[in-house]
Amino acid sequence: MERRDLLKMIAAATGLAFVGGEAWAAGVKTTSASKALFGAGDIMLLDEIAETILPRTETPGAKDAACGAQMAVMVQDCYDAKQQALFVAGLAALQASCKQQYQRDFLQLTAAERTALLTQLDKDASARNAAIASNDSTNVSNRKGDASIEPHYFTLLKQLSIFVFFTSKVGATEVLRYVAVPGRYDGAMPYKKGDKAWAT
Amino acid sequence: MTTAQNHYDAIVVGSGISGGWAAKELTEKGLKVLLLERGRNIEHIKDYTNAMKEAWDYPHRDRPTEQMKQDYPVLKRDYPLNESTFGMWANEKDSPYTEKKRFDWYRGYHMGGRSLLWGRQSYRFNERDFTANLEEGVAVDWPIRYADLAPWYDYVERFAGISGNRDGLDVLPDGQYLPAFELNIVEKDVAARIKKAFGGSRQLICGRTANITQPKPEQNRVNCQYRAKCWLGCPFGAYFSTQSSTLPVAMKTGNLTVRPFSIVTQVLYDKDKKRARGVEVLDSETNQTVEFTSKIIFLNASAFNSTWILMNSATDVWEGGLGSSSNALGRNVMDHHLGVGAYGEVEGYLDKYHFGRRPTGFYVPRFRNWGGDKRDYLRGFGYQGSASRENWRRDVAELSIGADLKAALTEPGHWTIGMGGFGEMLPHHDNRIFLDPKVKDKWGLPVLAMDVEMKANELRMRKDMMQDAVEFFEAAGVKNVHGYNGDYAPGMGIHEMGTARMGRDPKTSVLNANNQVWDAPNVFVTDGACMTSASCVNPSLTYMALTARAANFAVEALKKGEL
């Protein structure tokens, strides 16, 4: 299959396409490309958010893969101004929720509190995305350029965490399975539950 | 200006799929050949700098940055803009074009051209592809038939190395193949169900591709290693490209001179002899103009650029350029329209997975307006697709965040299957390209303007392309089938063709049956520009066969003193 069709299918199949991807990039010009959006504190925060979404278990987690720093790079360089604004405002909103519910900063929450908070945000995001999807079921292209369609900020955080984690060397080679040069094809390879997926 | 050093037996303009073939054939037959390439050199293997990289080796994990999108407003419209192939597609700032209607033009301005980046699907046109124009009263008749090209298909397939099955279908003639790649277990089962559901009138077969499944030691090529990174250049030489295949053979003859950074600005025309005498070259680095002379010229600069050269040639004789006396030069732009198909989920097979990454998937040959079928449009379409198990990119709706989500995404998901159509576009006189008098490129040369649109036949066909894909999968028991009919703009198929077509009459075609320009018989055009109709199959294999055939004719004619 041609790559372009594959990409479109992925976009269609994941509901909302990956941020920075083809589906809802609305052609907004970057206005502050040179201005650094994130400092060291933000990267720590992003690391901990990503770690809460994809924690270290028997395999490495988001912090092991330095997800925070990579997320900052992606938002800085690959998001348009509108997406950046949504992301930055989202981080502020997340901290505001923390203060309101726990009277503390996200970094000062326990692991259980972080999980509870982000689980709630994920629910809110799913509800919003479901509402968007019900307006337009299959045709990805119709979403292009529609300014009224703006995903919940947590969708950006979650998808970006997943993207930078599984495209990292740690994620691909130590969490998933990676073979650089397979050398052959087996279209009916035996599989049992628990076997890892291929990274590429 | 012309010196002994500037004279050759033949000049080949462009080093992509057809230019590489022209250089190989002409040098092997003993001609001294100058191969001109407008872009930089790319050396086989050594210059495939990203071939072994993975997502984590790129600063942005292979995604385009906002800066890249600003700099490449056309490339960003589709998949070509990414970090791994950055610099392999033509720079729009240096080489702009204008769009009377949107046209996505993806060009490879470097040694090897798009032979390094192509999709490699390799199918023969069938007998009716060559007769349909005549039978249906569309455009003009091809001046050749399948039988004229069949031995040349054999010839180029054997050399290039096409892997596929001999499926015995009239609609998709068999060729000279290496063993096919393999369908996976789900694709095989879907193929069997399709055969049953449609009584053999529809088929799902293994894609035929220019990737080798057995080594070709005589070409220093190793068989495919299942990395599926072809577009980055293959260090194993496992897919056909100018660099892996035709160029080394041409170099070995000792008859080839290669000149990169050479923009051909016009064919030099001798109006007394009614022959071309050479080409004018603008050195893209020094901005100096050089003339090269030769007995014959092959234009293989890609469809639109070969046409552009003709439009800029012999304008003192014909205002519209060499070949314009036909009123067909720049007309009849065709592409394959795509971005329409279906996908769905296949239940079961959870004890099976796939190992290795194939460079092809499955193919569904055309079935519309074929056999007894009759639709409210002409011609037809094929599909390309594949089945695989989902990876971490899938949406796991039932899981929120944390260890459970991570564990789920670490394992493969369900099997899914999808396919996208490639539809034939009819030639239309008013689908055209022309020189834009107002816009110049970096070198002060006039640029092309695009005025191409989808017509009623294509739009009607697209309805079937989606509905038939849905029906196809549902008949095979695929669940949650979704059809899609996305945004296609002409050019996205990267199969532009038709702007200097072959024909039987100099009044309505630019080229004759041997790809000679009617008005300058020592000029041959054998890239996509020469196509009289498009078929629905990927065209590159046909360009190869036409080029080898025309090169053979040219050398024979030279020997007889007829050029």
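# Questions about the structure

Visitor: How many residues does the contact take from chain A and from chain B?
Guide: This is a predicted model, in which local features need pLDDT of at least 70 and side-chain atom pairs count only at pLDDT 80 or more, while totals for chains, interfaces and linings use all residues. Residues are numbered from 1 along each chain as its sequence is written, and chains are lettered from A and ligands numbered from 1 in the order in which they are written. Two residues are in contact if their C-beta atoms, placed from the backbone, lie within 7 Å. The contact takes 58 residues from chain B and, from chain A, 60 residues.

Visitor: Which element gives the largest share of the side of chain A that touches chain B?
Guide: Helices (H or I, at least four residues) and strands (E, at least two) are DSSP runs, numbered from the N terminus. Those supplying at least two residues each to this side of chain A include helix H1 (3–13), helix H2 (40–53) and strand S1 (186–190). The largest share is nine residues, and it comes from H1(A).

Visitor: How do the residues on that side of chain A divide into nonpolar, polar and charged?
Guide: Ala, Val, Leu, Ile, Met, Phe, Trp, Tyr, Cys and Pro count as nonpolar, Asp, Glu, Lys and Arg as charged, and the others, Gly among them, as polar. By this sorting, the side of chain A that touches chain B has 30 nonpolar, 16 polar and 14 charged.

Visitor: At what angle do helix H4 and helix H6 of chain A pack?
Guide: Axes are lines fitted to C-alpha atoms, for helices over the stretch in contact, and angles run from 0 to 180 degrees between N-to-C directions. For H4 (residues 81–102) and H6 (residues 153–166) of chain A, the axes are 8 Å apart and the angle is about 100°.

Visitor: Is H4(A) roughly parallel or roughly perpendicular to H6(A)?
Guide: Angles under 35 degrees count as roughly parallel, over 145 as roughly antiparallel, 65 to 115 as roughly perpendicular and the rest as oblique. The angle of about 100° makes the two helices roughly perpendicular.

Visitor: Which residues of H6(A) make the contact with H4(A)?
Guide: The residues of this contact divide into eight nonpolar, one polar and no charged. From H4(A) come A:Leu86, A:Phe87, A:Ala89, A:Gly90 and A:Ala93, and from H6(A) come A:Tyr153, A:Phe154, A:Leu156 and A:Leu157.

Visitor: What is the radius of gyration of chain B?
Guide: Chain B has ten helices and 20 strands. The radius of gyration is taken over C-alpha atoms, and the globule rule is 2.2 Å times the number of residues to the power 0.38. For 563 residues the rule gives 24 Å, and chain B is close to that, so it is as compact as a globular protein of that length, with a radius of gyration of 23 Å.

Visitor: What percentage of the residues in chain B is buried?
Guide: A residue is buried if 20 or more other C-beta atoms lie within 10 Å of its own, exposed if 12 or fewer, and partly exposed in between, with C-beta atoms placed from the backbone. Of the 563 residues in chain B, the buried ones make up 56%.

Visitor: Which residue with a positive phi follows H1(B)?
Guide: The buried residues of H1(B) include B:Trp21 and B:Thr27. After the helix comes a residue with phi near 100°, B:Gly30.

Visitor: Is B:Ile494 buried or exposed?
Guide: Most residues other than glycine have a negative phi. B:Ile494 has a positive phi near 50°, in the loop between strand S18 (479–485) and strand S19 (516–517) of chain B. With 24 C-beta neighbours inside 10 Å, B:Ile494 counts as buried.

Visitor: What phi does B:Asp62 have?
Guide: B:Asp62 is found in the loop between strand S2 (33–36) and helix H2 (66–71) of chain B. B:Asp62 is partly exposed, with 18 other C-beta atoms within 10 Å. Although B:Asp62 is not a glycine, its phi is positive, at about 75°.
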